[in-house]
Amino acid sequence: QVQVVESGGGLVQAGDSLRLSCVASGRAFTTSAMGWFRQVPGKEREFVAAISGSGGTTSYSPSVKGRFTISRDNAKNMVSLQMNSLKPEDTAVYYCAFSTSEISTNWDFAYDYWGQGIQVTVSS
């Protein structure tokens, strides 16, 4: 019943910006923590960013801190990731995630619902 649809990926050049968004349907995530992860073939899934259920607390991987911003829109059941100053090493498949808990975390096992994944490619 719960569906999560991602959008906003693509191919850009180093230094460009992209905005990823995920919209969930089938249940409300008004008080749920949300997060973003990414994965490169042959590597483990990597934490990128998370936001608490209240929206008052955010956390970021050191590799993206200062460049990426996570935000949420409860009216739209949406989580977004604004990515600025993109680097080739940001190239990956990006996944959004929704938790049933209000507490944000960088542990992927804590999330219950996931987007299908969307490709972000940054050329040099």
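Visitor: Over how many bridges do β7 and strand β8 pair?

Guide: In this predicted model, strand β8 covers residues 78-83. Its pairing with β7 runs in the antiparallel sense. The number of bridges between β7 and β8 is six.

Visitor: Which residue in β8 stands opposite I70?

Guide: β7 spans residues 68-73, and β7 pairs with β8 in the antiparallel sense. The residue of β8 that stands opposite I70 is L81.

Visitor: Which strands stand at the edges of the open sheet of four strands, and why is one side of each left without a neighbour?

Guide: The strand order is β1-β3-β8-β7, with antiparallel pairing. Each edge strand has a single partner strand, so one side of it has no neighbour in the sheet. The edge strands are β1 (3-7) and β7 (68-73).

Visitor: How many aromatic pairs does a search of the whole structure find, and what is the angle between the planes of F37 and W114?

Guide: The search finds seven aromatic pairs. F37 and W114 form one that is tilted, at 5.2 Å centre to centre. The angle between their planes is 50°.

Visitor: How many residues apart in sequence are the parts that the pair of F37 and W114 ties together?

Guide: F37 lies in strand β4 (residues 34-39), whereas W114 lies in strand β10 (residues 113-114). The pair therefore ties together parts whose separation in sequence is 77 residues.

Visitor: Is F37 buried or exposed, and how does W114 count?

Guide: The relative accessible area of F37 is 1%, so F37 is buried. For W114 the relative accessibility is 25%, which means that W114 counts as partly exposed.

Visitor: What kind of aromatic pair do Y111 and W114 form?

Guide: Y111 counts as buried, at 5% relative accessibility. Its ring centre and that of W114 are 6.2 Å apart. Because the angle between the planes is 70° and an angle over 60 degrees gives this class, the pair is edge-to-face.

Conventions:
Residues are numbered from 1 along each chain as its sequence is written. This is a predicted model: local features need pLDDT of at least 70, side-chain atom pairs count only at pLDDT 80 or more; totals for chains, interfaces and linings use all residues. Side-chain values use heavy atoms; hydrogens and water are left out. Rings of Phe, Tyr and Trp (its six-membered ring) pair if their centres lie within 6.5 Å; planes under 30 degrees apart count as stacked, over 60 as edge-to-face and the rest as tilted. Helices (H or I, at least four residues) and strands (E, at least two) are DSSP runs, numbered from the N terminus. Buried means under 20% relative accessible area, exposed over 50%, partly exposed in between (1.4 Å probe, protein chains only). Two strands pair if DSSP finds at least two bridges between them.
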